[in-house]
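Reader: I've got a protein model open and I'd like to talk it through. Can you help me read it?

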Amino acid sequence: MTVTSPFHDQLSRIPVRAASIELAGRVTRYWEYGDPGAAVTLVLVHGFRGDHHGLEPVVAQLPGLRMICPDLPGFGESEPLGGRHDLAGYAGWLRALITKLEIEKDFLLLGHSFGSIVVSAALAPDPIEPTDYPPRRPDRLILINPIAAPALQGPRGILTRLAVFYYWLASILPDRLGFALLRNRVIVRVMSMAMAKTRDRSLRGWIHDQHDRYFSAFSDRKVVLEAFRASVGADVSSFAAMITVPTLLIAAERDDITALPAQYRLAALFPDATLRVIAGVGHLIHYEAPEQAAQYIREFLASRPDPSARPGEPS
């Protein structure tokens, strides 16, 4: 039985349209929320094994913006990449998407969890061809539950090591068995229970339902295994010093993937970063505390200079 979202009414008041875009011969599906003519566009990139639905609770709290949320290649309704689903592949895809969208107005980029690594890698200069990427750079960057340090060093690194074993086992089994293991509902539920920190039973029930419905929406075993290796093989700290745009980090007090001290260290690596911490939640800020995250985003938006002001004039 599908559980009704606690943010359904808010989200239903925001216009939405589904669209497709072709990048390197592969189709990316994305959803555009809000007013297409809004002064600010926010592009949101979801985390590992999710799809665009996971960020809808945050979208629901931000009426008045234009918000574009794609499904990562190989997840949700987007076709896989033509090459490997590693960090370079996803970063290149995001650069191409931003270029193809031809965003002309004030533009922010947001990444959650694995999405925080993808957007950071996309904004850092390419080590082989050191050019500014993408050609249309965002005016600001927002990272929710950023992966601030190697996942194996997290406060519950043993769980990450169990995840490594789980994905390794799925990779060596025959294709049908490996695919079934990756989509096993009991294992998905255990993962969901480990991540959810709220004591609100109805909210926990909805979070579990979201994971049941969307956590296994990947195209094939190859995609999810390559993406998992990418998610544990890098972190935002590798790119932070190269990202010059103002950055907002929204971290969680009880995040089992990245401990809070690592978030403070990460913030210090950026040339211009603000760190906000939400108490009592873990790696699911987008589900458990989207209202507070949206409040920090609105404050971040309000703090930026008016892009229409001329140099020397008050903003």
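Reader: How many bridges join strand S6 to strand S7?
Author: First, some ground rules: this is a predicted model, where local features need pLDDT of at least 70, side-chain atom pairs count only at pLDDT 80 or more, and totals for chains, interfaces and linings use all residues. Residues are numbered from 1 along each chain as its sequence is written, and side-chain values use heavy atoms, with hydrogens and water left out. Strands here are DSSP runs (E, at least two residues; helices are H or I, at least four), numbered from the N terminus, and two of them pair if DSSP finds at least two bridges between them. S6 (residues 140–144) and S7 (residues 247–252) run parallel, and the number of bridges joining them is four.

Reader: Which residue is the bridge partner of Ile 142 in S7?
Author: Leu 143 stands opposite Leu 249 in S7. For Ile 142, the partner in S7 is Leu 248.

Reader: Is S7 mostly covered or mostly open?
Author: Buried means under 20% relative accessible area, exposed over 50%, and partly exposed in between (1.4 Å probe, protein chains only). Thr 247, Leu 249 and Ala 251 are buried on one side, and Leu 248, Ile 250 and Ala 252 are buried on the other. With six of its six residues buried, S7 is mostly covered.

Reader: What is the order of the strands in the open sheet?
Author: The sheet has eight strands with mixed pairing. Its edge strands, S1 (16–23) and S8 (273–278), each pair on one side only.

Reader: Which strands does helix H12 lie across, and at what angle does H12 run to S7?
Author: Axes are lines fitted to C-alpha atoms, for helices over the stretch in contact (heavy atoms within 4.5 Å), and angles run from 0 to 180 degrees between N-to-C directions. H12 (residues 290–303) lies across S3, S5, S6, S7 and S8. Its angle to S7 is about 160 degrees.
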